[in-house]
Amino acid sequence: MSISKNHFSSFTMADFSDSMKKFGAASSTFFNRAKQYTEEQFGKSEATVLDARFMSLNEKADRTKCRTEQLLRQTETLLQPNIGYRAEEYLLDKLEKKKPERNTNLQTLGQFMRDAGHEFGPGTSYGSALIKVGTTEQMLGASEKEFMKKTDSHFLHPLRSFLEGDMKTIAAERRTLFAKRLDLDSCKAKVKKAQSPEKMQQMHSAAAKNKNTNSLFLINELDQAEQELRVAQAEFDRQYEVTKLLLDGINTAHASHHRALLSFVEAQAQYYAQCHQYMQDLQRQLGSPPGDIMPPVAAPTAPPSAGKDMSGLPKPAQTRKAKVLYDYDAADDSELSLLSDEILTVYSLPGMDNDWMMGERGQQRGRVPVTYLELID
């Protein structure tokens, strides 16, 4: 079937004309919205106020997005501290290409240890120990890699999916709602202008002077403005419900992220338990019992300036023991400085504030805050 050149030309011009009309309508809508927004910012026009619950959901969505991005970024940093590798993996993900298989630092260290052990001689004490430690380091590295894999799939993947999917959809619908709200308020402004005393006076004057054309024009202007307002109100209400429904789904996202967080904790617990088992086995292989590698740490002692010698004060018959929960620095000589986990003798004196007790450490006595203590007998 052939198409004449003239027919083709007329078709093209018609199509071009339609495109220009759509472009003009879109441009007009854009400038109307920009004008409405500018007038609102300068206080020349009123804006539709959304209800408190919607605004609360809106703020919750913003907080969720911000915090989820932070959790995602910091967990990725934990799994891969090298920013260059992270950037490379991000780019490969976007290109849907396979990531390179890399050894962890523990695996690399383990390989160096084993190489050194073989060079020094597996039959020597040092060489044998290097090989054993290197093998364990490689096993620790393999466990670390498995932990990273589980964390990425069970914890990070749900967070990424939420940000790339649900949050982008919510953001798009909120932008649409904002545009619909501007359209609605612009239509309200047009109706208000058409119903202004000046316009009504012009209408009555035209009717009184039998200027039917002017009168009909003003009536049609008001009818058109009211019709546009009804359409804008319907579109706004529909978009409002869609956006509100999506924002309500944030609670569902929180529940999903909660389950992902529990999976992360389980993977981390398994990882550390396996590492602990590997190190205990290594200590047995090296002939060093667990717990004997590090020298004992001396128990902390209270600073000599803590508290005041108050042996002259009366001491009640009933005293109790208390464990210190947190460190505390005395504000003056009447108080006793505290160290976390130490055990004190405490008691109350007549007339003391209920928030304080007297505490004793050897010959040192002083007031101590009750909230820093756990009574144990």
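**Notebook: a helix pair and some salt bridges**

I looked up how α2 and α8 cross, and the crossing is left-handed (the near helix is turned anticlockwise from the far one by less than a right angle). The model is predicted, so I kept in mind that local features need pLDDT of at least 70, side-chain atom pairs pLDDT 80 or more, while totals for chains, interfaces and linings use all residues. Residues are numbered from 1 along each chain as its sequence is written, and side-chain values use heavy atoms, without hydrogens and water.

I noted that the axes of helix α2 (residues 52-79) and helix α8 (residues 250-285) come within 10 Å and cross at roughly 30°. That makes α2 roughly parallel to α8 (angles under 35 degrees). Helices here are DSSP runs of H or I, at least four residues, numbered from the N terminus.

I then turned to salt bridges (a side-chain nitrogen of Lys or Arg within 4 Å of a carboxyl oxygen of Asp or Glu). By this rule I have 14 of them.

I checked Asp185 and Arg181, whose closest N and O atoms are 2.8 Å apart. Both lie in helix α5 (residues 125-194), four residues apart, about one turn of the helix.

Lys190 lies in α5 and Glu228 in helix α7 (residues 212-248), so the pair ties together parts 38 residues apart in sequence.

Last, I found Arg365 and Glu360 in a salt bridge at 3.3 Å, N to O, and both are buried.

Terms used
Axes are lines fitted to C-alpha atoms, for helices over the stretch in contact, and angles run from 0 to 180 degrees between N-to-C directions. Helices (H or I, at least four residues) and strands (E, at least two) are DSSP runs, numbered from the N terminus. Angles under 35 degrees count as roughly parallel, over 145 as roughly antiparallel, 65 to 115 as roughly perpendicular and the rest as oblique. Buried means under 20% relative accessible area, exposed over 50%, partly exposed in between (1.4 Å probe, protein chains only).
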